[in-house]
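Dear colleague,

I am handing over a structure that you have not worked with before, and I would be glad if you would look through it with the notes below beside you.

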Amino acid sequence: MSEMKLHNDKTAYGLRIALILVMAVFMCALAYNNFSIWDDEVFTLTVIGGTWSELWSAVVADLVHPPLHYFLLKAVVSLFPVDHQGAVVVSKLFSVFWVVLLMALGSGILAKRYGQRTALVFVLLLSGNTVVGYSVEIRMYSMALCAVALAYLYANELVQEPGTKNWVRLTVWTVIGIYTNYFAAFALVFLWLILLVWSVKTKRAGKWLGCALTAVILYLPWVITVLTHYTNITDYDTGLNARRILQFFAFPFSCHNDMLSLVLILFTVILLGQILYASRKPEFFWAFLLSPVWIGALCIVSSLVFHKFITGRYLLPGWGAFWAGIAIGTTKLKKHWYLPILACIDLIACVFIYRNEAMDRTATNEMLAYAQENQPVLAETDVYRLLHYLMPETDIQENNDPSAKGIRFVYYWSDLYTQLSESDIVMSFPLSVHEICVFEQ
C-alpha cells in the first residue's frame, strides 16, 4: 500500500466517523425537539402504552406489521419514567438508533472489504435523503431498513468469504427483518432466492437449506397469525397510474424540496451509469440494486390482485441495500468526482429536513397551546388522536364535520397550513392530504 493510499484511507476513515457522529447528533436533535406525530405514530404509541397482552392483541387485530418493533420499543420505553411527551422522544430516539447502527456497522463491513472510501460513500448516501427524515418516525421503517441492509451486506460477505459466522449473521438479521416489516420480508425473500442459485453453484445448498428452514420455522407463528386474520387488512384508496408509480419509486429521494430531490435522482442515475459502464462489477452487485425494485414490483402486483400497497414509504426497507450497492459499485471508479457533490447534497438536504421539522414543531406547539386555552375542543380524527395522546387530561372530542367554522386546517402533501379566521397566522402540520377543522364547541 502506497503512502498516498494510506493517507487517503486515514482521511476517509476520519471523515466517515465524523459524519456518523454529526448525523447521529443531528437526528437526535430532530427527535428531541419535535413532538410532531401523525396517526400511524399515535397507533404505535398507544399500543405500547398498554400491557404486553394488549399490545399483542392490538397488533394482531390491526395486522399493520409484524410485532418485533413494537415489543422492543415497549421494552425500551418502559426503562424510562416518562410522560406521554417523553415517550414520544424516547420512541423517536429508538428509531434514530437503527439508522445510526446501520451507518456504523454497515460502513464498517464495507470498510473491511472495499476500503474506507467506499464506507464513506455509503454513509454519505444514507445522509442526504428521506432516510434521515424517517429516522424520527415512530414506526418500524428504520429498523427494517437496518435489518435488510445488514442482511444483504452479510450475504455479500458470505459470497466473498463463505463461513459459519456469516451464515449465522445473515440468518439473525433475516429473522429480525421479517419480524419487523412485511416489505422487509419481500426484500429478504429476494435475497435468499439469489443465494439459493449461488449456493447450488458452489455446492453449499445444504447450509442454505438449514439456515432458510431456521428462518421459516421461526416465522411460522406470525404467518399462521396473518393467515388467520387476513381479512383485517384494508385497502388504501390509491389508483395505479404512471404518475403514482413514479412517485412510488421516487419517494425515498425526497428531501422536502422538489428541486433538490430531482438533483439527487439525476446524480444517482449518472453515478449508476458510470458504475454500469465500468468493465467489472462486484459479483453480488445486482442483488443490492434490485432490492427496492423487487419490493416495488411485488407491491404493484399485490395491488392488482389482492390489496392496494402503493405508498412510497413501503420501499424504504430496500433502499438501504440499494445505497450499499451503489457504494460498492464506486470501488470500480477511478475518479472520485461524486464525493464533494454528495457532501453538498447532504448539507443542503439536512437544512431542508431541519426546516421542515422546525415548521412541524411550531405547528405542534401552536396546536397544543390552542387546545389548552380553548376547551372543550372538537377535532378531526388525526388531530384528535394527537391531542388526546399528548394531553390526555384535556377535554378533546372527535368531530369530522367538514363544514364547521372556526380554525380551518388544509392539508397539502407533508404540510398542513392553518389559517385562523380572524388573523393572518399561518403554520404547518404534518402528513395528510385532506381538509379538516378544529373549532370550539
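I begin with Phe183 and Phe186, which lie three residues apart in helix α10 (residues 182–201) and are therefore separated by about one helical turn; helices (H or I, at least four residues) and strands (E, at least two) are DSSP runs, numbered from the N terminus. Phe183 is buried, at a relative accessible area of 4%, whereas Phe186, at 24%, counts as partly exposed. Buried here means under 20% relative accessible area, exposed means over 50%, and partly exposed is what falls in between (1.4 Å probe, protein chains only).

Please bear in mind that this is a predicted model, in which local features need pLDDT of at least 70 and side-chain atom pairs count only at pLDDT 80 or more, while totals for chains, interfaces and linings use all residues. Residues are numbered from 1 along each chain as its sequence is written, and side-chain values use heavy atoms, with hydrogens and water left out.

As for the whole protein, it has 17 helices and six strands, and buried residues make up 54% of its 441 residues. Of the contacts (heavy atoms within 4.5 Å) between residues at least 6 apart in sequence, 75% join residues at least 24 apart. The exposed surface comes to about 20,200 Å², of which carbon and sulfur atoms supply 65%; such areas come from the Shrake-Rupley method with a 1.4 Å probe, and for residues only the protein chains shown count as cover.

Turning to aromatic rings, those of Phe, Tyr and Trp (its six-membered ring) are taken as a pair if their centres lie within 6.5 Å, and planes under 30 degrees apart count as stacked, over 60 as edge-to-face and the rest as tilted. The count by this rule is 25 aromatic pairs. One of these pairs, Phe43 with Tyr70, is edge-to-face, with 6.2 Å centre to centre and 90° between the planes. This pair links distant parts of the chain, since Phe43 belongs to helix α2 (residues 39–48) and Tyr70 to helix α4 (residues 68–77), 27 residues apart. Phe43 is partly exposed at 22%, while Tyr70 is buried at 0%. Elsewhere, ring pairs join Trp52, Trp56, Phe71 and Trp222 into a cluster.

Which charged pairs are found in the structure as salt bridges? A salt bridge is a side-chain nitrogen of Lys or Arg within 4 Å of a carboxyl oxygen of Asp or Glu, and the search of the whole structure finds four. Among them is the one between Arg139 and Asp40 (3.7 Å, N to O), which links distant parts of the chain: Arg139 sits in the loop between α7 (130–134) and α8 (141–160), and Asp40 in helix α2, 99 residues apart. Both Arg139 and Asp40 are buried, and together with Arg313 they are linked in a network of salt bridges. Another salt bridge joins Glu157 and Arg113 (3.1 Å, N to O); Glu157 lies in helix α8 and Arg113 in helix α5 (residues 84–114), so the pair ties together parts that are 44 residues apart in sequence. Glu157 is buried at 12%, whereas Arg113 is partly exposed at 29%. Arg113 also forms a salt bridge with Glu161, their closest N and O atoms being 3.3 Å apart.
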